[in-house]
Protein chains: 2
Amino acid sequence: MLARAISLVEAGTEGVLEALKNVPARRSFGPGAPRVIGVTGPPGAGKSTLVNQLVGQGRGQGLRVAVVAVDPSSPFTGGAILADRIRLEEHAVDEGVFVRSLSSRGHLGGLCRAAGQVVDLLDACGWDWVIVETVGVGQSELSVCEVADTVVVVLTPESGDTVQTMKAGLLEVADIFVVNKADRPGAGILVRELEEAAQMDPRRGHSAAVLEVSALHREGLEALLKSVLKHGDWCESLGRDNWEKRRAEGRLRTFLDLVSEGARASAATWLQQDGDSFRQSLVEGTMSPYQAAFRWMNRA
Amino acid sequence: MLARAISLVEAGTEGVLEALKNVPARRSFGPGAPRVIGVTGPPGAGKSTLVNQLVGQGRGQGLRVAVVAVDPSSPFTGGAILADRIRLEEHAVDEGVFVRSLSSRGHLGGLCRAAGQVVDLLDACGWDWVIVETVGVGQSELSVCEVADTVVVVLTPESGDTVQTMKAGLLEVADIFVVNKADRPGAGILVRELEEAAQMDPRRGHSAAVLEVSALHREGLEALLKSVLKHGDWCESLGRDNWEKRRAEGRLRTFLDLVSEGARASAATWLQQDGDSFRQSLVEGTMSPYQAAFRWMNRA
């Protein structure tokens with residue numbers, strides 16, 4: 001049922017609101033509410049390997065772990081499907097693990113919105129951890145920041161990322177920096193740079209932690225788990241009011257997202273089913289998209 | 001007036017449809033229709049320098065050139081504003097050049113949609129060339145592909161980009177590859193790799209051109225201009241039907257984008273002005289975003 005509901009969210013066709021209208025609002029911190037961990041970073045940083053091992057760590061704690069991988073890679077290549085297969089291999093038989101990749105022919109923005117809605121669904125289904133993995137490019141890392149309570153930014157020394165050249169967004173959203181492939185040359189320099197940057201930018205009352213990890217060799221994972229749990233505790237220590245405020249902002253945003261997606265879906269359905277002459281004028285260009293949208297919005 | 005209309009599109013607030021309802025549909029190729037050139041590539045590839053020089057090349061042909069820079073960098077740092085200033089220095093006194101950066105606190109998807117609408121506005125105002133520059137990350141390069149007729153993908157040997165590691169999307173949208181900073185080590189290898197990849201993937205009936213450029217030292221720019229003009233001619237040679245089909249798809253997409261943005265804007269305005277108790281329930285979580293959106297969509 002969960003998988004079907006997620007497919008509905010991903011497709012975003014008309015009728016999805018009808019189907020989802022009883023999904024509750026996402027809960028704040030507290031008993032039963034999931035911890036939502038975002039994992040982001042540039043392509044090739046080893047995010048997927050790290051996420052798989054975080055899943056293992058969470059399972060070791062007896063937690064039920066769901067993974068939502070937001071894959072904005074080319075719709076031509078269908079990267080997400082491949083990713084799902086690779087992931088499933090390791091955890092396929094474990095009922096305490098749920099893995100789902102989100103991909104679509106639509107835009108990145110739509111994907112990120114879908115991720116937020118999927119987190120709501122997973123919350124409603126009682127998962128303990130929800131890990132949202134997304135490639136940290138453009139503004140996707142900012143969306144992760146909106147949906148995740150703890151944001152892990154994964155970097156590698158070899159990617160040529162330095163604090164000077166990396167996208168500012170990645171610096172700003174990180175609660176925990178992971179320098180992955182820490183056995184490679186340049187790791188020490190990157191760690192020192194990140195530590196300096198983290199100290200200079202103590203957002204939200206805490207400095208980002210900087211950890212050296214080798215996901216491939218399974219080194220540094222216990223420290224990562226500890227750091228993730230510690231940040232979660234720190235989040236809880238901020239108190240209910242703080243989190244209620246954040247969730248309230250999220251609810252308003254989700255409402256507006258749903259309204260805008262719903263309007264698109266219903267216009268698309270109408271164009272296909274009843275809008276023959278309207279569609280024709282639009283296709284032929286005798287009516288511009290601007291005139292058409294104005295008419296549609298002001299229809300009786 | 002153009003600048004004001006663009007600001008409206010960028011803000012996307014309610015009333016924008018009313019203001020834009022007389023904007024005509026974007027024209028196909030033909031006398032007076034602009035050539036829209038997309039320039040994309042990873043961060044740090046030297047896109048802005050190259051675009052500035054393309055502007056110079058276009059001006060040298062007596063063309064009026066508009067530049068739309070879609071900057072999905074962190075909203076915290078306001079990258080676009082800085083970029084505008086740097087650009088303006090070189091062409092500030094030239095009335096044949098229009099430069100505008102688009103940035104917003106919204107999502108990348110929204111920005112890319114705005115870029116398409118801005119191209120419509122620039123078309124309506126009679127610019128000869130419209131250059132759309134965007135950092136090629138995530139799916140932004142696919143959006144450039146939607147709006148631009150000729151897509152230039154800028155890469156550098158030093159970025160560690162190889163055909164194997166680069167995002168598939170960049171390979172697939174390129175009509176012209178520019179290997180910038182071609183004096184740096186590794187340029188020759190990258191050029192050969194791209195040439196092989198381009199030959200293996202003769203999409204749309206032509207293979208992508210591969211050019212070596214040093215934007216900083218102004219080398220290879222004439223070849224780039226020639227290649228851009230040649231691709232434009234090739235586009236025109238495809239004939240009116242081909243382009244009408246493409247424009248028609250664009251019009252349908254723009255219509256749905258406008259409907260979805262319009263619905264969001266009108267719900268947001270309503271929440272602020274009349275939706276007090278509705279908003280309160282949403283903020284407090286007694287009504288979930290899903291219930292709220294369902295009610296809003298089905299309001300009398």
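1. Axes here are lines fitted to C-alpha atoms, for helices over the stretch in contact, and angles run from 0 to 180 degrees between N-to-C directions. Keep that in mind for the helix pairs below. The model is a predicted one.

2. Start with chain A. Its secondary structure comes to twelve helices and seven strands. The chain has 300 residues, and 56% of them count as buried. Now take its contacts with a separation of 6 or more. Residues 24 or more positions apart account for 77% of these.

3. Next, look where the two chains meet through helix H10. H10(A) and H10(B), residues 240-273 of chain B, pack at an angle of about 140°. Their axes are 8 Å apart. Angles over 145 degrees count as roughly antiparallel and 65 to 115 as roughly perpendicular, so a value between those ranges is oblique. H10(A) and H10(B) are therefore oblique to each other. The crossing is right-handed.

4. Which residues of H10(A) and H10(B) meet? On the H10(A) side, they include Leu252(A), Phe255(A), Leu256(A), Val259(A), Ala263(A) and Leu271(A). On the H10(B) side, they include Leu252(B), Phe255(B), Leu256(B), Val259(B), Ala263(B) and Leu271(B). Asp257(A), Arg264(A), Asp257(B) and Arg264(B) are also among them. By class, the contact of H10(A) with H10(B) divides into 16 nonpolar, two polar and four charged residues.

5. H10(A) has another partner in chain B. This is helix H12(B), residues 289-297. The two pack at an angle of about 40°, with axes 9 Å apart. That makes H10(A) oblique to H12(B). Their crossing is right-handed. From H10(A), the contact uses Arg251(A), Thr254(A), Phe255(A), Leu258(A), Val259(A), Gly262(A) and Ala263(A). From H12(B), it uses Pro289(B), Tyr290(B), Ala292(B), Ala293(B), Trp296(B) and Met297(B). These residues divide into ten nonpolar, two polar and one charged. Phe255(A) takes part here and also in the contact with H10(B).

6. Phe255(A) turns up again in the largest nonpolar core. That core has 114 residues. Leu122(A), Phe255(A), Leu122(B) and Phe255(B) touch the most other members. What does Leu122(A) contact, leaving aside its neighbours within four places in sequence? The list is Leu2(A), Ala66(A), Val68(A), Phe98(A), Trp127(A) and Val130(A).

7. Now a helix pair within chain B. H3(B), residues 47-60, packs against H9(B), residues 221-237, at an angle of about 70°. The axes are 10 Å apart. H3(B) and H9(B) are therefore roughly perpendicular to each other. H3(B) brings Leu50(B), Gln53(B), Leu54(B) and Gln57(B) to the contact. H9(B) brings Leu221(B), Glu222(B), Leu224(B) and Leu225(B). By class, there are five nonpolar, two polar and one charged residues.

8. Leu54(B) lies in helix H3 of chain B. Is it buried or exposed? Leu54(B) is buried, with a relative accessible area of 2%. Not counting residues up to four places away in sequence, Leu54(B) touches Val39(B), Trp129(B), Ile131(B) and Leu224(B).

9. Ile131(B) is one of those neighbours. Ile131(B) sits in strand S4 of chain B, residues 129-135. Its relative accessible area is 0%, so Ile131(B) is buried. Leaving aside neighbours within four places in sequence, its contacts include Ile37(B), Val39(B), Val51(B), Leu54(B) and Val55(B). Val65(B), Ala66(B), Val67(B) and Val68(B) are also in contact with Ile131(B). Val39(B) touches Leu54(B) and is in contact with Ile131(B) too.

Conventions:
Residues numbered from 1 in each chain as written. Chains lettered and ligands numbered in written order. Predicted model: local features only at pLDDT ≥ 70, side-chain atom pairs only at ≥ 80, totals over all residues. Heavy atoms only, no water. Helix = DSSP H or I, 4+ residues; strand = E, 2+ residues; numbered from the N terminus. Parallel < 35°, antiparallel > 145°, perpendicular 65-115°, else oblique. Contact = heavy atoms within 4.5 Å. Nonpolar A, V, L, I, M, F, W, Y, C, P; charged D, E, K, R; others polar. Core = buried A, V, L, I, M, F, W, Y, C linked by side-chain atoms within 4.5 Å. Buried < 20%, exposed > 50% of the residue type's maximum accessible area, 1.4 Å probe, protein only. Left-handed = near helix turned anticlockwise from the far one by under 90°.
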